[in-house]
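Take a walk through this model, one element at a time.

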Amino acid sequence: MSETLTLVSADGKTLTAPKDAIMRSAMLKNLLEVAANSDEQIPLDFVHSEDLENIIEYCKYHVEAEGKASEGDISKWDGEFIGRVTQDDQKHLRLIQTTDQLQIEGLFKLLVQGIVRKLHNKTPEQIREKWNIPDDLPKEKKDEIFNTTNWLYKKSQ
């Protein structure tokens, strides 16, 4: 059985995960390489427990699937996983920030691709409404931006 590590989330929940799965995080891998004792709990004060559970699930799957599952199977699992964990926009943004801090490149890329899909073919007004972004640019500045980037707004035929 693989060695396990204990992680403590920002909200105090203690989770255990296989060390080889945790090593998917470049930040934690570096931390463990310099830590004297990996038997201690690792506090992750910037990670919500729900996010940590999802991150551990992703990392465990990818460790277990490595060399065993086809690229198609992994892509299918990734798509289903991302679809499930990113239904809530705020949670999606939180996961992006967390995976960036933990330096989990594969998951980070999948999460960012999910944001891109959510924003694709949306007008600036739709994006502001969806993400509660205030419309604080003066009309002159908006016109300048539109005139230099209007090619972005043309729909393909």
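Start with helix α4, residues 71–85. This helix has 15 residues. From its first C-alpha to its last it reaches 21 Å, close to the 21 Å expected at 1.5 Å a residue. The model is predicted, and the values below should be read with that in mind.

Which residues of α4 are buried? They are I74, W77, D78, F81, I82 and V85. These residues cover an arc of only 130° around the axis, which puts them on the same side of α4. The spacing fits a general rule. An α-helix has 3.6 residues a turn, so residues three or four places apart point the same way.

What covers the buried residues of α4? The cover includes α3 (49–65), α5 (89–102) and α6 (105–119). Two of these helices, α3 and α5, come back below.

Aromatic rings are next. The structure holds four aromatic pairs. One of them joins Y58 and W77. Their ring centres are 6.3 Å apart, with 40° between the planes, and the pair is tilted. Y58 lies in helix α3 and W77 in helix α4, so the pair ties together parts that are 19 residues apart in sequence. Both partners, Y58 and W77, are buried.

W77 has a further ring partner, F81. Here the centres are 5.0 Å apart and the planes meet at 10°, so the pair is stacked. Why is the pair of W77 and F81 called stacked, while Y58 and W77 are tilted? Planes under 30 degrees apart count as stacked, and over 60 as edge-to-face, so 10° falls in the stacked class and 40° in the tilted one. W77 and F81 are four residues apart in helix α4, about one helical turn. Both are buried. Ring pairs link Y58, Y61, W77 and F81 into a cluster.

Helices α3 and α4 are also joined by charge. The side chains of E57 and R84 meet in a salt bridge, at 2.7 Å from N to O. This pair links distant parts of the chain: E57 is in helix α3 and R84 in helix α4, 27 residues apart. Are E57 and R84 buried or partly exposed? E57 counts as partly exposed, at 28% relative accessibility. R84 is partly exposed too, with a relative accessible area of 42%.

Now move to helix α5, the place of T99. T99 counts as buried, at 0% relative accessibility. What is T99 in contact with, leaving aside its neighbours within four places in sequence? The list is I55, I104, L107, F108 and L111.

Salt bridges occur elsewhere as well. The count comes to 15. One of them joins the side chains of E3 and K19, at 3.9 Å from N to O. E3 lies in the segment before β1 (4–8) and K19 in helix α1 (residues 19–22), so the pair ties together parts that are 16 residues apart in sequence. E3 is partly exposed, with a relative accessible area of 38%. K19 counts as partly exposed at 24%.

The bridge between D143 and K139 is 3.0 Å, N to O. Both residues lie in helix α8 (residues 139–149), four residues apart, about one turn of the helix. D143 is partly exposed, with a relative accessible area of 34%. K139 is exposed, with 56%. Salt bridges also link E50, D51, K91 and R94 in a network.

What does the record say about the stretch that contains these positions? UniProt places the feature "domain: SKP1 component dimerisation" at residues 106–151, in an unreviewed entry. The span is 72% helix and 0% strand. Its end C-alpha atoms lie 31 Å apart.

Finish with a loop. A10 is found between β1 and β2 (14–18). A10 is partly exposed, with a relative accessible area of 47%. How far apart are A10 and D45 in sequence and in space? They are 35 residues apart in sequence and 4.1 Å apart in space, C-alpha to C-alpha. A10 touches L44, D45, F46 and V47, not counting residues up to four places away in sequence.

Terms used
Residues are numbered from 1 along each chain as its sequence is written. This is a predicted model: local features need pLDDT of at least 70, side-chain atom pairs count only at pLDDT 80 or more; totals for chains, interfaces and linings use all residues. Side-chain values use heavy atoms; hydrogens and water are left out. Helices (H or I, at least four residues) and strands (E, at least two) are DSSP runs, numbered from the N terminus. The expected span of a helix is 1.5 Å times one less than its number of residues. Buried means under 20% relative accessible area, exposed over 50%, partly exposed in between (1.4 Å probe, protein chains only). The arc is that of the directions from the helix axis to the C-beta atoms. Contact means heavy atoms within 4.5 Å. UniProt positions are given in the numbering used here, feature names are shortened, and annotations may be inferred rather than shown by experiment. A salt bridge is a side-chain nitrogen of Lys or Arg within 4 Å of a carboxyl oxygen of Asp or Glu. Rings of Phe, Tyr and Trp (its six-membered ring) pair if their centres lie within 6.5 Å; planes under 30 degrees apart count as stacked, over 60 as edge-to-face and the rest as tilted.
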